[in-house]
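Please walk me through this model.

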Amino acid sequence: MATKKLTYSEAMAEVESILARLRSGELSIDELTSAVARATKLIAECRKMLATTEQEVEKLING
Amino acid sequence: MVEPINISTSSHEHLTLLDLQLMVRATLESRFCDPVWISAEISEMKVNRSGHCYLNLVEKGNNEGAPRAEARGVIWRSAYATISRKFEEATGAALSTGIGVLLRVVVTYHEVYGFSLQIVDIDASYTLGEVERRRRECIAQLQRDGVWDMNREIELPRPMLRIAIVSSATAAGYQDFMNELRRSAYRFRTELFGSLMQGEMAEDSVIEALHLVAEREEEFDCVVVIRGGGSVSDLALFDSYRIASHIAQFPLPVITGIGHDKDTSVADLVAHTSCKTPTAVATLLCELAEMEMATIEEYSYTLRDIVLSRLNSERLTLERHSAEIARQSVVAVNSMQHRLTSIEESIATLARTMIRSEEQKLSSHLMVVEQSNPEIILRRGFAIVRGSDGRAVDIQNIKPGADVNIELATGTIEANVTSKTLR
């Protein structure tokens, strides 16, 4: 499935929304696995984006 | 005492005119057998075609008024050449009217021409003395008038290029003057105010010319009075009180070049400047013009020096400013660089902080997510009970006897519900 590449903010917003649902306990066991998988994937992507951003920032700063 | 002549006449025994005249002549000639020295002034003088000189001699009263004595005189051609040359050599001037002379005369009487003095010699030193006496009187009078220094006190205009000339157009001196001026590199503007420079009319003529110049004084820087060199001059013309007085009070500086061989004339003394000859006057004017030019050149050098020094000083100032600007801009750039570096560092720090914070957030989120992972929950000893439809059992809807599937961390159990208790 070709999904649109999310921005960091969008990804983070989705992670936080999943977290909110997890905390509230409103998720069913059946939904839980996919929600955890989605959140884990988003967090990994965010980490990647963050790493890229850090590299770019360092590159810019150290010129 | 001279013995009286006794002539006895009556109406019957009379003398003829000729008899009487012959007697007068004989008496005079016997009484004045030797020549006598007399002083007199020449009031008229004429040399006729045959070369004899006829004069009228007078002795004036104290106020130069009507003569107190008058007599005719003659210098025969044979004596005239010698006498006139002797006079000219001694005085530098021709024998002429208006001058006082000391003459050696023979008293003569002619029955037709009457009383006459035959001049046989002249003492020129008397005339020189007379001239000198009049000259002194003239100077004293000018000093009493308070005009003696007036012309000399005038400051010479600069430059002096507009020249009024009082002279005779035909005079050699005028030509000499003009030729000398033409040789100069400077362009003089001259105008001749023609005047007689010798003879009886000369005094009035010179004064008239001076008047004409004075009427246009604005057009000239100075007036030069020049007279031809070489020709025998009138002795007393430029010792004339009237001419000297006019020159002394003239509104423009007067420069004379009236070629006196001997003394300086009174006109020379009262003039602003006097030169020996017309050529010398021209030379003086040229020298003054040259000096003026030299002064101008000197000023121009001085001006150039001032300007150059000013330019140099301005250039130094500019260089100083330029160096200062360079220094200041380096300082400004450095300061800006420091600021930028500091901003850069701040940005880096902030960025890193943000990234760290995001990382922490992500780690904490991941932790929460992982705790929600069913696998981990199962490992903790929990189990998922699913009905025959495969969905998690709802305690409200399950009935005893129903088959259920129990998922554990390590495997699944198929079981049968025997009873249920609601909490």
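What follows is a set of questions and answers on this predicted model.

Visitor: What area is buried between chain A and chain B?
Guide: Interface size is often stated as the accessible area lost when the parts come together. Here, carbon and sulfur atoms give 70% of the buried area. The total between chain A and chain B is about 2100 Å².

Visitor: Which residues of chain A lose the most area to chain B?
Guide: Three residues lead on this side. Together they make up 24% of what the chain A side buries. They are A:R47, A:L50 and A:I61.

Visitor: Which residue of chain B meets A:E58 in a salt bridge?
Guide: Between chain A and chain B there are 3 salt bridges. A:E58 takes part in a salt bridge with an N to O distance of 2.4 Å. That value lies within the 4 Å cut-off, so the pair counts. The partner is B:R352.

Visitor: How many residue pairs are in polar contact between chain A and chain B?
Guide: The count takes pairs with both residues at pLDDT 80 or more. It comes to 4 residue pairs.

Visitor: Which strands are the edge strands of the open sheet in chain B?
Guide: This open sheet has 3 strands in the order 11-12-13, with antiparallel pairing. The twist averages 25° from one strand to the next. An edge strand pairs on one side only. The edges are strand 11 (384-386) and strand 13 (412-416) of chain B.

Visitor: How many residues does the hairpin between strand 12 and strand 13 of chain B run through?
Guide: Strand 12 (residues 403-407) and strand 13 of chain B pair in the antiparallel sense over 5 bridges. A hairpin joins the two strands. Its link is 4 residues.

Visitor: Which residue in strand 13 of chain B stands opposite B:E407?
Guide: Take another pair in these strands to begin. B:N405 stands opposite B:E414 in strand 13 of chain B. For B:E407, the residue opposite is B:T412.

Methods. Residues numbered from 1 in each chain as written. Chains lettered and ligands numbered in written order. Predicted model: local features only at pLDDT ≥ 70, side-chain atom pairs only at ≥ 80, totals over all residues. Heavy atoms only, no water. Buried area = accessible area lost by both parts, 1.4 Å probe. Salt bridge = Lys/Arg side-chain N within 4 Å of Asp/Glu carboxyl O. Polar contact = N/O pair within 3.5 Å; in protein donor to acceptor, adjacent residues only side chain to side chain. Pairing = 2+ DSSP bridges. Axes fitted to C-alpha atoms, helices over the stretch in contact; angles between N-to-C directions.
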